[in-house]
Amino acid sequence: MFGEYSIGDLGSIFVMQGFAGLILFSVYVLMALGLAIIFGQMGVINMAHGEFMILGAYVTWMTSNFFQTFLPGLFSGYFFLAMILAFLASGALGMLVEWVLIRHLYKRPLDTLLATWGLSLMLQQAYRSIFGAREVGVELPQWMLGSLKVTDSIEVPINGIFVMGLTVLITVVVAYVMYKSRWGRQVRAVVQNRIMAGAVGINTAKVDRYTFALGCGIAGVAGSAFTMIGSTGPTSGQLYIVDTFLVVVFGGAASLLGTIASAFSISQTQSTLEFFMSGSMAKVLTLLAVVGILMLRPQGLFALKVRK
């Protein structure tokens, strides 16, 4: 297999595979951060997480079309506005869903699975009715196209670099909000002891609503970034929900650091294996390895100690 390649060629190929793994890592982190907040911090099994992500993708598509039609001179900067609108749209829908549905099910986590699964089917049908059954693609600004030449044999796509930068920025912001801000301390207090948090004056219902909205909003931003690497359809979110849950559970459901470590481990393993075998087989072997580790360590890579 390797006889036809020189040492330099093999090195370049491995570097490219490693960079592909970093792009996959970035996508996994963006998808999993919102779910880590909703599932890990709140204990809600949100099977509609993919649909919140796809809402962000559709908002990005509509913003792209609006700028192409009415503001072509500003088209090069539309993506930044699209990400903000995607966050607001998905977050607002998440806040509505929490108020109408989720707040009644906090003490019944398995019921949240069934309820949000039904919600995902409703959202898929709504997207199909509004946007049509065919997949749509987003026109990217010119500066996002092409690749950056690192060496004579190594080129990295510019949109991949943008996704990685966006992932770093969002991760830093989420970490600051969850661990340094007053609201983040309230969230962690509610997670550790809801009754005591309410007793000291924390509005637990308000914290729940805004926490769920934040997780859904981050999913919307992930959907906006998703438009750079794939087309958008009513059921596109279901293609990623299993990977997202796998990343969160493997890292430790209540640990943001575990989510990042899990996404990096899974993405790099899968990307490396794809060099030696087909993509589907690489995914299967990665899944089997993760399941094997979870059998030995069910709490995941990083476990948060919670007072009962």
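Leaving aside neighbours within four places in sequence, which residues is Ser-64 in contact with? They are Phe-75, Tyr-78, Val-138 and Glu-139, where contact means heavy atoms within 4.5 Å. Ser-64 is found in helix H2. Ser-64 counts as buried because its relative accessibility is 1%; buried means under 20% relative accessible area, exposed over 50%, and partly exposed in between, with a 1.4 Å probe and protein chains only. Leu-140 is 76 residues away from Ser-64 in sequence, while the two C-alpha atoms are 8.1 Å apart in space.

This is a predicted model, in which local features need pLDDT of at least 70 and side-chain atom pairs count only at pLDDT 80 or more, while totals for chains, interfaces and linings use all residues. Residues are numbered from 1 along each chain as its sequence is written, and side-chain values use heavy atoms, with hydrogens and water left out.

**Overall fold**

The protein chain has eleven helices and two strands. Helices (H or I, at least four residues) and strands (E, at least two) are DSSP runs, numbered from the N terminus. In order from the N terminus, the elements run α-α-α-α-β-β-α-α-α-α-α-α-α. Of the 308 residues in the protein chain, 47% are buried. Among contacts with a separation of 6 or more, 75% are between residues 24 or more positions apart.

The unreviewed UniProt entry places the feature "transmembrane region" at several stretches, including residues 52–71 and 113–131. UniProt positions are given in the numbering used here, feature names are shortened, and annotations may be inferred rather than shown by experiment. In the model, residues 52–71 are 95% helix and 0% strand, with the end C-alpha atoms 27 Å apart. Residues 113–131 are 100% helix and 0% strand, and their end C-alpha atoms are 26 Å apart.

**Aromatic pairs**

Rings of Phe, Tyr and Trp (its six-membered ring) pair if their centres lie within 6.5 Å; planes under 30 degrees apart count as stacked, over 60 as edge-to-face and the rest as tilted. The count by this rule is 17 aromatic pairs. Two of them are tabulated here.

| Pair | Type | Centre to centre | Angle between planes |
|---|---|---|---|
| Phe-67 and Tyr-78 | tilted | 6.2 Å | 40° |
| Trp-143 and Phe-162 | edge-to-face | 5.8 Å | 75° |

Phe-67 lies in helix H2 (residues 49–70) and Tyr-78 in helix H3 (residues 78–100), eleven residues apart. Phe-67 counts as buried at 7% relative accessibility, and Tyr-78 counts as buried at 0%.

Trp-143 is in the loop between helix H4 (109–131) and strand S1 (147–149), and Phe-162 is in helix H5 (residues 158–179), so this pair ties together parts 19 residues apart in sequence. Trp-143 has 35% relative accessibility and therefore counts as partly exposed. Phe-162 counts as buried, at 15%.

**Packing of H5 and H6**

H5 packs with helix H6 (residues 182–192) at an angle of about 70°, and their axes are 5 Å apart. Axes are lines fitted to C-alpha atoms, for helices over the stretch in contact, and angles run from 0 to 180 degrees between N-to-C directions. H5 is therefore roughly perpendicular to H6; angles under 35 degrees count as roughly parallel, over 145 as roughly antiparallel, 65 to 115 as roughly perpendicular and the rest as oblique. H5 contributes Val-177, Met-178 and Tyr-179 to the contact, and H6 contributes Trp-183, Gly-184, Arg-185, Val-187 and Arg-188.
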